[in-house]
Amino acid sequence: MRQIALLTLSVIAVILLSPSPLTAKTQFDHRESENKKPRVVILATGGTIAGSASSSTQASYKPGVLSIEQILKTVPEIETLAQLKGIQISNIASQDMEEGIWLELWRTIDNLFTHDLCDGVVITHGTDTMEESAYFLNLTIRHAKPVVITGAMRASTSLSPDGPFNLFNAVALAASANAQNRGVMVVMNDYILSADDVTKTNTINTNAFECPNFGPLGYMRNGTPHFFRESRYTHTASSIFNIKGLTALPKTEIVYAYAFSSDIAINALIDGSTEGIVIAGVGHGNYNKAIAEAMKKGSSKGVNFVRSSRIIGGGVDLSAENYDPRWPVSFNKTPQKARILLMLALTITKEPKEIQNIFMEY
Ligand code: SIN
């Protein structure tokens, strides 16, 4: 009991509270008190949703400027949905996402859920690597409570920013009892997108995210989620990946294949400290002889490989042209998702057959 009280105090100590009525309380009301609204914690990491420009119509802007308190003030409507707390985890453009921030997100969410300090979590994030953070957390947060990631394609100062409504939808989803045990979800442009399939498919439009293989999980309307389907992959509460206590993750990289690719990049990785390499192959996960030779050399030095494809749909399966059981295939995981799954698989095994089984399940 004393330990839980101490932990609660330490979590609250890092919470940055808005001076606005929205976050004026220092801690969530107890569920039995008069405030029956779900408790949602918003973890802010930066990105365009926190971006600012010098004019409301120009496309260029600086991401990661607004604090979580400032973002919350732009959407006072979310007060109707949930009791809210904001925690500033970082304030970066998401191309600068780091392993340390992933581990901090994981620790914070695991603490909040383990000690029943909230009912759902929303993460505000830059859109460029949002799908990667979503998939990492989808594989490692071993809880059924909702984790929802959102962001924006237009800066907060835009004439018509998309961030406020995305945040409203994300909080509504995280506060919904219907959002339990669905894996980590991305909410953008009213769609609910599964972490295992979501990918950014447009560099500028507000409708920038799709699930190219399976379609969206559902959509948000009037603050209510409407689901069409469930994820077909194992995730969150059922995941085998236990990263508690880890301070670093296995080093995994991606090698991109193209017409007359050289072996310079792949050999540099093999000769470095890389533990696993995903090949973003052409077509159905193919690559040329230079890369094939380097893979043989890498394998003899203990490097694990996974064959993936640079093509957005269809994936790479076991009946692939040039199928070779030494190299697991990624099925419909993009190279950037396959890299994360390989990273976590390497915390358990270095055996290609077992890695292949993991790719079938996750
Ligand atoms: C970023 O990913 O941080 C910048 C782009 C965006 O958020 O849309």
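Because the model is predicted, local features are reported only at a pLDDT of at least 70 and side-chain atom pairs only at pLDDT 80 or more, whereas totals for chains, interfaces and linings use all residues. Residues are numbered from 1 along each chain as its sequence is written, and side-chain values rest on heavy atoms, with hydrogens and water left out.

A polar side-chain atom of T48 stands 2.8 Å from a ligand oxygen atom, an N or O atom in the side chain of S94 is 2.6 Å from an oxygen atom of the ligand, and for T127 the separation between a polar side-chain atom and a ligand oxygen atom is 2.4 Å. Of the 250 Å² that the ligand exposes when taken alone, the protein buries 94%, with accessible areas computed by the Shrake-Rupley method with a 1.4 Å probe and, for residues, with only the protein chains shown counted as cover.

T127 counts as buried because its relative accessibility is 4%; buried here means under 20% relative accessible area, exposed means over 50%, and partly exposed lies in between, with a 1.4 Å probe and protein chains only. Besides the ligand oxygen atom at 2.4 Å, the side chain of T127 has a polar contact, at 2.8 Å, with the side chain of K200. A polar contact is a pair of N or O atoms within 3.5 Å; within protein, one must be able to donate a hydrogen and the other to accept it, and residues adjacent in sequence count only if both atoms are side-chain atoms. With residues up to four places away in sequence not counted, T127 touches S94, A152, M153, M188, K200 and F209, contact being defined as heavy atoms within 4.5 Å. T129, in the loop between β3 and α4 as well, is buried at 15% relative accessibility, and, under the same exclusion of residues up to four places away, T129 touches S94, Q95 and M97.

Leaving aside neighbours within four places in sequence, L43 is in contact with I87, I89, L105, T108, I109, V121, V122, I123 and T124, while its C-alpha atom is 8.8 Å from that of H125, 82 residues away in sequence. V186 lies in strand β5 and is likewise buried, at 0%; beyond residues up to four places away, V186 touches M130, A134, I149, Y191, I192, L193 and V198. F113, within helix α3 (residues 99–114), is buried at 6%, and its contacts, with neighbours within four places left aside, include C118, D119, I141, H143 and P146.

The cysteines can be taken next. C118 is buried at 0% and C211 is buried at 6%, yet the count of disulfides comes to zero, a disulfide being a pair of cysteine sulfur atoms within 2.5 Å.

Most residues other than glycine have a negative phi. N189, in the loop between β5 (185–188) and β6 (191–194), has a positive phi near 55 degrees and is partly exposed at 28%. F260, in the loop between β11 (252–256) and α6 (264–271), has a positive phi near 35 degrees, and its relative accessibility of 79% means that F260 counts as exposed.

Notes: Helix = DSSP H or I, 4+ residues; strand = E, 2+ residues; numbered from the N terminus.
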